[in-house]
Amino acid sequence: MPLSEFALIERYFRDLGARRDTRIGVGDDGAVLAVPPGQEVVAVVDTLVEGVHFPAGTAARSIGHRALAVNLSDLAAMGATPAWALLALTLPRADEAWLAEFTAGFAALARAHDVQLVGGDTTAGPLTITVQALGLLPRGTALLRGGGQAGDLVFVTGTPGDAAGGLALLQERMRARPDAAANSLDALRDRFLFPTPRCATGARLRGVASACIDISDGLAGDLAKLAAASGCGARVDVTQLPLSAALLAVAGRAAAEHFALTGGDDYELCFTVPAQAPLPDGLACTAIGQLVEGRGLTVCRGGSVIDFSHSGFDHFAN
Ligand SMILES: [Mg+2]
């Protein structure tokens, strides 16, 4: 079966919930999308390469989920509500069973967020997935990295470090503590394989957060980027990190702290809020520090500064 045509993907996505604001979707030379009055479009794109962003042999359902999830996470970080996606898929061969699983993973997440696939392309080559996602928000309400000010409190959603712990297990770079329960190991692997983009939280942060970023390369590195964009430094207290029971059970506290600060792939949100401003009720997040005058990231334990060399994940290092 020739993969130069989009027909196979189109077949799998045909029943993927149509949006009323899609004038023309898959099937023409381009999609035609109606932006509602008073709204703006936020556009993001991300590429996943086998062996770089996920281990070779990762289940196709997870790859399909993650390819969309990493983009929805970027939309969430901007405060945008996801609307449309485009998919460029490079495959070593036309494997229908693989494609069925891939599209099932992609489609389940797309349906959950009312995202319509409106275009795409397939090519033969090493396994590489590029997704572009488009989201909507009221004009002028996008969350930016650069809006923070010294004194703002720093929050994080979820329990960072879990995905990095899960990846370390999948790659057998970490041996679980002997008393760790099997379901703790499963929970961590799941956080890597099926991350949850925090779209509802991102939308609720419009008009609340002064700055926001998603954690794709590690909390420390991504918070440092937010602080730099905001023209200040940041201070984080490791004793306030929301570590999951599963990560503590599998990795122990020291490794859990390290995963939480430096591990990537969490796709949680890190955001700042002016110290006196109230947070919306029921927002699932944890205060972990503060923006400060100066530059760079300072890591503390209780009151004392600890030595911590952070780099996050840099694709072009070494
Ligand atoms: Mg991002």
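Figure 1. Helix α9 holds both Arg253 and Glu257, which are 4 residues apart, or about one turn of the helix. The structure shown is a predicted model. An α-helix has 3.6 residues a turn, so residues three or four places apart point the same way. Arg253 and Glu257 form a salt bridge in which the closest N and O atoms are 3.6 Å apart. Arg253, at 47% relative accessibility, counts as partly exposed.

**Figure 2. The buried residues of helix α9 and the elements around them.** Helix α9 covers residues 253-262. Its buried residues are Ala256, Glu257, Phe259, Ala260, Leu261 and Thr262. Against which elements do the buried residues of α9 pack? The helices are α4 (162-170), α7 (219-229) and α8 (245-251). The strands are β9 (233-237) and β12 (297-301).

**Figure 3. Glu268 and its two arginine partners.** Side chains of opposite charge can pair when their charged atoms come close. Glu268 forms a salt bridge with Arg191, with an N to O distance of 3.4 Å. This pair links distant parts of the chain, for Arg191 belongs to helix α5 (residues 182-193) and Glu268 to the loop between α9 and β10 (269-273), 77 residues apart. A salt bridge also joins the side chains of Glu268 and Arg198, at 2.7 Å from N to O. Arg198 lies in the loop between α5 and α6 (199-204) and Glu268 in the loop between α9 and β10, so this pair ties together parts that are 70 residues apart in sequence. Glu268 counts as buried because its relative accessibility is 2%. Arg198, by contrast, is partly exposed, with a relative accessible area of 22%.

**Figure 4. Further salt bridges of the model.** How many salt bridges are counted in the model? The count comes to 11. Arg19, Asp21 and Asp114 are linked in a network of such bridges. A salt bridge is also found between Asp265 and Arg66, where the closest N and O atoms lie 3.2 Å apart.

Figure 5. The domain assignment of the protein gives domain 1 as residues 7-138 and domain 2 as residues 145-306. Taken over C-alpha atoms, the centres of domain 1 and domain 2 are separated by 26 Å. Domain 1 gives 24 residues to the contact and domain 2 gives 18 residues. Between them, the domains bury about 1,500 Å², and 65% of this area is on carbon and sulfur atoms.

**Figure 6. Polar links and the side of domain 1 that touches domain 2.** Across the interface of domain 1 and domain 2 there is 1 salt bridge. The interface also has 6 residue pairs in polar contact, both residues being at pLDDT 80 or more. Which elements give two or more residues to the side of domain 1 that touches domain 2? They are α2 (60-78), β4 (81-91) and β6 (128-138). The largest share of this side, 11 residues, comes from α2. The residues on this side of domain 1 divide into 13 nonpolar, 8 polar and 3 charged.

Technical notes. Residues are numbered from 1 along each chain as its sequence is written. Side-chain values use heavy atoms; hydrogens and water are left out. Buried means under 20% relative accessible area, exposed over 50%, partly exposed in between (1.4 Å probe, protein chains only). Contact means heavy atoms within 4.5 Å. A salt bridge is a side-chain nitrogen of Lys or Arg within 4 Å of a carboxyl oxygen of Asp or Glu. Domain bounds come from an automatic or database domain assignment. Buried area is the accessible area (1.4 Å probe) that two parts lose on being put together, summed over both. A polar contact is a pair of N or O atoms within 3.5 Å; within protein, one must be able to donate a hydrogen and the other to accept it, and residues adjacent in sequence count only if both atoms are side-chain atoms. Ala, Val, Leu, Ile, Met, Phe, Trp, Tyr, Cys and Pro count as nonpolar, Asp, Glu, Lys and Arg as charged, and the others, Gly among them, as polar.
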